[in-house]
Amino acid sequence: MSKSFDIMVVNLKSFVRDKKVLLFLVGIPILYYSMMGFVFGSSSFGSSITYNIGFVSLEDSAFSDENHPNYNLSLIYEIFDEMDSFNVYNYSSVEEAYQAAKDDVIVGYLVFPEGFEENLTRSAQTHIGWYNGDTSSHLYNNITWFYDALGNLRDYEVFNISNQDFNTVLSNIDDTDYDGLLYINDYFINHTANASASTMTYHFRNGTARGKVDVIKSTIKGVAEGMYAGSNIEIGEVNITNAQNFSPPNVSIYFLQSVSSTDRQIITGIVQQVITGIINYQPSNIDLNFETESAQGRLVNALTFGTPGYILYGSMTILSFTLVIITNMQKEGIFKRLSSTELTNKEIILGSVGANLILSFFQTYLGLGFLFLFGLDPITYDLLNGILGVSITILLFSMTLTSLALMLAPVFKTPDAAGGGVWIVILPLLMFSGGFFPVEYISEEFTQIVYFLPTRLTVLSFQDVLIKGLPIFTPSLLINWGLQSIYIAIFFLIGTRMFNKFKK
Amino acid sequence: MTTESKFIKRIEKNDFAIRVEDLKKYFEDVKAVDGISFEIKKGECFSFLGPNGAGKTTTINILACYMKPTSGVATLFDYDVVKEPKKVKQHIGICPQENIFFEELTVFENVMFFGKMYNVDKKELLERANDLILKVGLEEKRKTRADKLSGGMKRRLNLIIGLVHDPDVLFLDEPTAGLDPQTRRLIWDYIRELKTRKKTIFLTTHYMDEADELSDRIGIIDYGKIIAMDTPDGLKATIGKGDMLEIKLEGKKEEIIQKTEEIKNLDFVLSSYYIEEDLITRIMAMDGIGKIGKIIKFFTSVDLNVVDVNVKANSLENVFIELTGRSLRN
């Protein structure tokens with residue numbers, strides 16, 4: 001055992017004192033991250049992904065707005081269903097959709113609340129309180145024409161409040177369902193027959209979208225000009241600062257914690273564009289409120305989501321160094337010389353495992369420390385479960401790498417071949433781990449195949465511990481660790497035999 | 001009875017540290033070692049002298065349990081190197097031909113590391129490491145990384161690593177190859193000191209002077225076979241008191257070969273032969289230096305021009321050349 005310790009110390013000193021190895025440790029990761037960022041940061045990659053999303057409509061009454069068939073949720077569902085970007089699953093309740101997300105059937109789900117369609121219909125309409133403050137008159141023109149014409153417009157309802165005190169209505173507008181108040185200024189009708197401007201003022205609720213105010217104003221002006229040919233119509237505006245705007249129809253998008261922020265942004269962006277496009281097909285400028293929610297707990301930030309990949313990459317470089325050290329020891333005859341001592345193969349391997357474990361733990365916890373400085377905010381079951389979960393995962397991964405190095409050393413034979421050739425092994429193991437891009441969206445079959453990669457098992461374990469906040473006795477976590485342990489046993493069995501042969 | 005005391009008894013009982021009988025090692029078509037037999041007494045310094053590829057290192061590799069022989073028997077204190085490698089390894093130290101140690105470790109760290117691998121007691125190891133480093137003149141470099149040492153210093157480190165566990169038998173494979181004269185002398189002195197401590201030394205070298213200076217007995221090996229084995233003086237005596245002359249002649253090749261044969265008829269010429277690859281005629285003659293004039297006259301009388309004459313006094317190299325027909329450095 002003490003000889004293993006000495007071998008471990010020698011390995012660690014070789015790591016630390018070799019400047020080339022240190023350069024390799026720092027330089028290659030930077031190059032690799034840049035490469036990954038360049039390849040996977042491009043939008044063309046994201047567009048080829050198909051997301052599985054859930055569709056939950058809580059509407060309990062039949063659709064009845066004949067004027068706006070595009071407000072029908074069934075139609076919205078059908079359009080989503082026909083899109084290449086989505087596979088849409090219909091669920092009748094939030095609970096059902098949540099379960100499907102937990103079962104990895106969908107990555108998130110849209111929830112349309114009860115009254116959504118009715119809210120759309122109301123949002124499409126403009127209710128105006130009409131106050132006639134004009135005391136003048138004209139021989140031919142009549143203010144009633146304007147009032148009637150405005151009221152006859154589709155999606156406009158005009159309520160005459162001329163018999164009430166305007167200021168009282170204005171200060172109590174929140175008690176009404178008027179979107180705004182139209183005040184007809186004095187001499188409006190009189191000026192329609194001369195060059196003077198006929199003026200009116202539109203008072204709108206605070207927070208009304210600019211676009212909507214402009215549409216309403218131009219509609220009112222257009223109607224007035226139509227009624228009074230040759231007139232000079234002017235319309236002013238006033239923001240009723242103490243009035244609350246109506247809540248726009250709300251759509252909630254729920255995601256599991258394990259969905260990356262990039263995916264969340266892509267999905268939310270497409271959903272917003274599509275739904276807004278559908279309901280505003282006949283221009284009505286309805287603003288929708290999109291809320292991104294977490295299906296359970298808070299959502300992790302992009303840095304936290306990427307952390308399993310970063311840890312994986314850090315540890316993965318150790319495979320390269322171990323291979324170079326083993327092949328170099330063989331090349332320089334160290335193994336031959338050691339074979340004249342009383343050192344056993346078991347002690348050499350144990351020493352390598354120990355050195356790799358220390359390096360992996362050092363890299364992992366140092367890396368996590370740095371990431372904390374930059375905003376890492378993991379979701380762990382509790383601190384103990386978090387530390388134990390990370391430690392067990394990194395322990396198993398480190399042992400997998402050591403056993404893999406024992407297998408690969410006889411394949412590459414020389415340090416030069418090992419240093420370069422190992423990337424043929426490392427790159428696919430990293431790329432298909434799911435730590436750098438979402439492999440689950442490529443295809444179901446592919447996801448099932450890559451699940452059996454040791455790196456994928458490691459990323460999934462890290463996600464369970466650091467993102468999903470699962471305790472260490474969770475079945476999925478135990479299964480991943482169990483599979484990883486089987487790999488270690490098989491790799492060590494084969495690797496030890498190959499290494500013994502190689503050493504001779 | 002402890003393992004150590006059993007071993008001491010075994011040593012006392014045996015006069016020979018190493019016994020080799022009809023040892024063979026074949027690599028496909030190459031006969032690296034081809035049926036050699038020899039014995040080395042306890043405390044003896046035995047050298048294997050031979051050119052590169054003669055089979056010296058292969059023999060050491062078999063005796064040090066690095067490789068198994070194709071056939072034959074080799075024992076170290078009656079422990080069979082094939083059947084009892086663990087016991088053999090406990091009593092041998094090796095200084096391989098190449099410098100083998102951890103480049104990133106310091107001199108002291110390397111010696112300590114290998115000592116630990118040999119299970120040397122910690123306190124004893126510390127004393128021994130300091131002593132060895134001092135003796136080979138590496139004291140000032142004890143904290144220097146091995147990769148920063150000069151070639152000579154590396155050889156010295158390579159040597160003491162093989163000695164850190166105070167082995168009974170020491171295999172030194174070309175210990176001074178490529179070194180400057182000063183470092184060679186330093187290593188020779190240390191080997192002499194080991195001899196005074198009754199260590200059994202198996203030395204391989206292709207330096208004649210090294211074998212001559214250090215060895216009690218020398219085995220000359222070529223093409224995997226031992227072609228002569230004796231004390232340095234005994235070997236020199238096998239070729240008598242003659243001197244070796246190497247003569248470069250100018251003329252037709254057939255003529256040169258014929259006259260090289262004919263010169264054997266002169267009464268002071270012991271042997272002569274033409275070496276085609278070097279284009280020289282080699283003559284072993286009694287009082288060769290004094291007879292140079294007669295020899296030149298013989299060749300010029302038959303219309304062959306003597307271009308160059310080189311005289312070599314009686315030495316191990318002459319022995320080797322006489323036995324193998326070629327120079328050691330070939």
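**Notes on a predicted two-chain model**

1. (Helices are DSSP runs of H or I with at least four residues, strands are runs of E with at least two, and both are numbered from the N terminus.) Asp166(B) is not a glycine, yet its phi is positive, about 50°. It counts as partly exposed because it has 16 C-beta neighbours inside 10 Å. The cut-offs here: buried is 20 or more other C-beta atoms within 10 Å of the residue's own, exposed is 12 or fewer, and partly exposed is in between, with C-beta atoms placed from the backbone.

2. Some housekeeping before going on. This is a predicted model, in which local features need pLDDT of at least 70 and side-chain atom pairs count only at pLDDT 80 or more, while totals for chains, interfaces and linings use all residues. Residues are numbered from 1 along each chain as its sequence is written, and chains are lettered from A, and ligands numbered from 1, in the order in which they are written.

3. On confidence: the model scores ipTM 0.71 and pTM 0.63. Chain B has a mean pLDDT of 86, with 91% of its residues at 70 or more; pLDDT is the predictor's confidence in each residue, from 0 to 100.

4. Now the two chains in outline. Chain A has 504 residues, 39% of them buried, and contains 19 helices and 10 strands. Chain B has 330 residues, 43% of them buried, with 12 helices and 14 strands. In chain A, 82% of the contacts between residues at least 6 apart join residues at least 24 apart. For chain B, 68% of the contacts with a separation of 6 or more are between residues 24 or more positions apart.

5. Back to chain B, for another loop residue. Glu174(B) lies in the loop between β7 and α7, and its phi is near 50°, positive in a residue other than glycine. Is Glu174(B) buried or exposed? With 23 C-beta neighbours inside 10 Å, Glu174(B) counts as buried. For background, most residues other than glycine have a negative phi.

6. Next, helix α7 of chain B. It covers residues 181-196, and its 16 residues reach 23 Å from first C-alpha to last, close to the 22 Å expected at 1.5 Å a residue (the expected span is 1.5 Å times one less than the number of residues). Its buried residues are Arg184(B), Leu186(B), Ile187(B), Ile191(B) and Leu194(B). Down the axis of α7(B), these fall within an arc of 160°, so they line one face of the helix; the arc is that of the directions from the helix axis to the C-beta atoms. They pack against α6, β7, β8 and α8 of chain B. The face turned away from the buried side carries exposed residues, including Gln182(B), Asp189(B) and Arg192(B). Just after the helix, Lys198(B) takes a positive phi of about 65°.

7. Chain A has its own α7, at residues 143-151, with Ile143(A), Phe146(A) and Leu150(A) as its buried residues. They cover an arc of only 60° around the axis, which puts them on the same side of α7(A). Their packing partners in chain A are β4, β5, β6, α9 and α10.

8. What about the cores? A nonpolar core is a set of buried Ala, Val, Leu, Ile, Met, Phe, Trp, Tyr and Cys residues joined through C-beta atoms within 7 Å. The largest one has 155 residues, and those with the most contacts inside it include Leu323(A), Leu63(B) and Phe202(B). Helix α12 of chain A (residues 302-331) gives the most to this core, with 14 residues. Apart from it lies another core of 29 residues, among them Tyr71(A) and Phe112(A).

9. Finally, where the chains meet. The contact takes 18 residues from chain A and 17 from chain B. On the chain B side, β6 (92-95) and α4 (107-117) are the elements that give two or more residues, and α4(B) supplies the largest share, four residues. By class, the chain B side has 12 nonpolar, one polar and four charged residues. Here Ala, Val, Leu, Ile, Met, Phe, Trp, Tyr, Cys and Pro count as nonpolar, Asp, Glu, Lys and Arg as charged, and the others, Gly among them, as polar.

How values were computed
Two residues are in contact if their C-beta atoms, placed from the backbone, lie within 7 Å.
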